[in-house]
Amino acid sequence: MARRSALREADPSTADFAAMLDESLSKSQGFEGAVMRGTIVNIIGDFAIVDVGLKSEGRVPLKEFAVGGTGAELRTGDTVEVFVDRMENRDGEAMLSREKARREESWTALEKAFQDNQRVTGTIFGRVKGGFTVDLNGAVAFLPGSQVDVRPVRDVGPLMGSPQPFQILKMDRRRGNIVVSRRAVLEESRAEDRSRLMGQLSEGQVLDGVVKNITDYGAFVDLGGVDGLLHVTDIAWKRINHPSEALNIGQQVKVQVIRFNPETQRISLGMKQLMADPWDGAAAKYPAGIKVKGRVTNITDYGAFVELEPGVEGLVHVSEMSWTKKNVHPGKIVSTSQEVEVMVLDVDMSKRRISLGLKQCLDNPWDTFADKYPAGTELDGEVRNITEFGLFVGLPGDIDGMVHLSDLSWDKAGEDAIRDYKKGDQVKVKVLDVDTEKERISLGVKQLLNDPFEKAGNLKKGEVVTAIVAGIQENGLDVTVTDGIPGFIRKTELSRERSEQRPDRFAIGDKIDAKITNIDRASRRVVLSVKAREVDEEKQAMADYGSSDSGASLGDILGAALRRAKDNGDK
């Protein structure tokens with residue numbers, strides 16, 4: 001600079017040249033950082049040689065002319081705009097950039113669109129961590145994955161390379177950051193569509209939609225700006241355990257508006273309503289008593305559902321599943337998807353219910369048992385259970401019969417007799433009765449032996465017999481008479497004398513002569529009385545050895561009777 005000043009002082013012409021040089025340099029320095037229009041003078045390899053009117057030409061990589069990932073189509077002579085990075089590099093060439101030129105142009109337009117809250121058009125051309133890159137006419141923006149669409153997008157392939165509208169969310173020119181959203185544009189459009197659709201919506205209307213989300217209880221369908229719920233029970237006439245069995249996210253479906261509440265804007269949809277109802281004519285097709293085959297679709301605690309045809313199901317209640325298995329879970333009798341034969345028991349068209357029976361298609365073991373083993377038949381069985389009222393014994397046909405406590409023993413109380421048995425014991429029983437309707441079989445053990453009380457028919461009321469003490473109670477004595485027939489002497493009947501009416505003065509095994517006062521066949525017991533015998537003996541003695549007006553006491557009469565008996569014995 002000092003040298004140019006010196007030249008101006010020495011030679012005026014030189015001064016003019018220096019001024020021109022300074023002017024030229026100042027202009028050239030002003031070109032740096034600016035966007036200039038240039039001409040492609042040559043294409044060498046991967047570079048375009050561009051002349052922008054500077055001292056030298058610049059090289060621009062061909063890839064910078066590509067837009068949205070597509071190749072550039074350039075020819076010599078084409079006019080292009082480039083960004084002047086530097087007037088020249090160490091090789092004397094101008095440093096130019098088409099990408100920066102386009103970016104500068106785009107940033108200016110994008111800033112205005114951002115301030116005016118206007119949409120911009122861009123092209124998704126790349127994938128990066130957390131989202132995608134978008135070319136906004138030269139400026140590269142970031143599109144987060146959550147801002148691609150209003151619902152998750154599994155495949156972005158169809159969106160790549162095609163122009164899309166975007167909303168600018170954030171801009172930072174200093175850092176060169178732009179964040180855009182495609183979802184915001186779609187939501188705005190959906191809001192408009194929603195308002196228009198809600199005004200036209202009516203029950204019974206048939207619409208096209210897209211499955212947006214699937215839950216356990218149904219699927220949400222996008223009707224174009226508004227969502228409706230397609231409940232799992234309205235997807236198809238047949239049973240569907242989970243909506244995913246029939247629907248997929250993104251699937252196009254045709255639905256009917258079942259219910260619409262304008263206040264809450266809740267829409268209930270149905271698909272099966274657009275299909276023929278398989279229940280039409282079901283009553284005529286499945287009359288009570290007919291046997292049909294079906295497939296088990298669902299098992300619950302109270303039974304199993306059997307599909308007779310697509311959309312028509314019946315319930316086999318747990319009580320109708322087996323003749324013999326009463327307290328088992330239905331899953332132990334049938335399994336899901338199993339094909340079974342069932343009988344139609346009842347059809348209720350108003351409730352769309354069909355009652356089915358599984359056991360009715362099998363032989364009734366109770367009828368079979370009654371035919372094969374009538375009352376009086378003796379059988380061997382295993383004690384399967386012991387309860388407070390008797391024994392349950394396993395019988396042929398995998399059924400049980402019951403021996404009541406009263407049918408265990410002739411001579412023991414039921415509570416005592418049942419202690420002689422344990423679960424798993426083999427016992428011999430006699431069939432007493434078979435009730436096929438109530439599915440009950442009465443058995444007996446004691447009936448295998450003769451009833452010892454039958455011999456009580458030889459006894460007579462008023463007869464004096466010898467009894468053996470079998471048990472001592474507070475209220476009397478348990479005794480046995482002829483052939484082990486049980487009897488009882490009440491405490492007050494042990495003697496005429498009150499002081500002698502004590503059961504504890506006897507011992508088990510003692511023999512007592514007593515009079516039969518009653519033969520109780522209901523309680524299977526003979527009632528005896530010592531007191532009655534003594535009274536009878538007294539009356540007999542009075543009749544034989546004294547009179548009522550003799551004045552003799554009972555002791556005098558008995559003494560005379562004893563002496564007479566002795567004298568007769570001496571003779």
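**Note on the predicted model**

1. The accessible surface of the protein chain comes to about 33,300 Å², and 47% of that area belongs to carbon and sulfur atoms. The model is a predicted one. Of the 571 residues in the chain, 37% are buried.

2. The secondary structure of the protein chain consists of nine helices and 30 strands. Among contacts with a separation of 6 or more, 57% are between residues 24 or more positions apart.

3. Helix α6 spans residues 365–372, and its buried residues are Pro365, Trp366 and Phe369. These residues cover an arc of only 100° around the axis, which puts them on the same side of α6. The cover over the buried residues of α6 includes strands β21 (378–387), β22 (390–395) and β23 (399–404), as well as β24 (426–435) and β25 (440–444). At the start of the helix, a side-chain oxygen of asparagine 364 comes to within 2.9 Å of the backbone nitrogen of tryptophan 366.

4. The count of salt bridges comes to 19.

5. Arginine 175 and aspartate 172 form a salt bridge through their side chains, at 3.9 Å from N to O. For a pair counted up to a limit of 4 Å, a reader may wish to look at this one directly. Arginine 175 counts as exposed because its relative accessibility is 58%. Aspartate 172 has a relative accessible area of 25% and is therefore partly exposed. Glycine 176 is in the loop between β9 (163–172) and β10 (177–181). With a relative accessible area of 35%, glycine 176 is partly exposed.

6. In the salt bridge between aspartate 416 and arginine 419, the closest N and O atoms are 2.6 Å apart. Aspartate 416 is at 40% relative accessibility, so it counts as partly exposed. Arginine 419 has a relative accessible area of 62%, so it is exposed.

7. Aspartate 536 and lysine 515 also meet in a salt bridge, at 2.7 Å from N to O. This pair links distant parts of the chain: aspartate 536 is in helix α8 (residues 530–545) and lysine 515 in strand β29, 21 residues apart. Aspartate 536 counts as partly exposed at 30% relative accessibility. Lysine 515, at 19%, counts as buried, because the limit for buried is under 20% relative accessible area. Elsewhere, salt bridges that share partners join Arg384, Asp398 and Asp400 into one network.

8. Leaving aside neighbours within four places in sequence, lysine 515 is in contact with Gly462, Glu463 and Val464, with Val527, Leu528 and Ser529, and with Ala532, Arg533 and Asp536. The side chains of lysine 515 and aspartate 536 are also joined by a polar contact of 2.7 Å.

9. Glutamate 493 deserves a separate check. This residue is found in the loop between β28 (486–490) and β29 (511–520). Glutamate 493 is buried yet has no salt bridge, and the nearest side chain of opposite charge, that of arginine 490, is 4.5 Å away. The distance to arginine 490 is 4.5 Å, whereas a salt bridge requires the nitrogen to be within 4 Å of a carboxyl oxygen. Leaving aside neighbours within four places in sequence, glutamate 493 is in contact with Leu528, Ser529, Val530, Lys531 and Ala532.

10. Alanine 470 lies in strand β26, which runs over residues 464–473. At 43% relative accessibility, alanine 470 counts as partly exposed. Not counting residues up to four places away in sequence, alanine 470 touches Asp478, Val479, Thr480 and Ile508. The C-alpha atoms of alanine 470 and alanine 507 are separated by 8.6 Å, while the residues are 37 residues apart along the chain.

Technical notes. Residues are numbered from 1 along each chain as its sequence is written. This is a predicted model: local features need pLDDT of at least 70, side-chain atom pairs count only at pLDDT 80 or more; totals for chains, interfaces and linings use all residues. Side-chain values use heavy atoms; hydrogens and water are left out. Buried means under 20% relative accessible area, exposed over 50%, partly exposed in between (1.4 Å probe, protein chains only). Helices (H or I, at least four residues) and strands (E, at least two) are DSSP runs, numbered from the N terminus. The arc is that of the directions from the helix axis to the C-beta atoms. Contact means heavy atoms within 4.5 Å. A polar contact is a pair of N or O atoms within 3.5 Å; within protein, one must be able to donate a hydrogen and the other to accept it, and residues adjacent in sequence count only if both atoms are side-chain atoms. Accessible areas come from the Shrake-Rupley method with a 1.4 Å probe; for residues, only the protein chains shown count as cover. Lys and Arg count as positive and Asp and Glu as negative; His and the chain ends are not counted.
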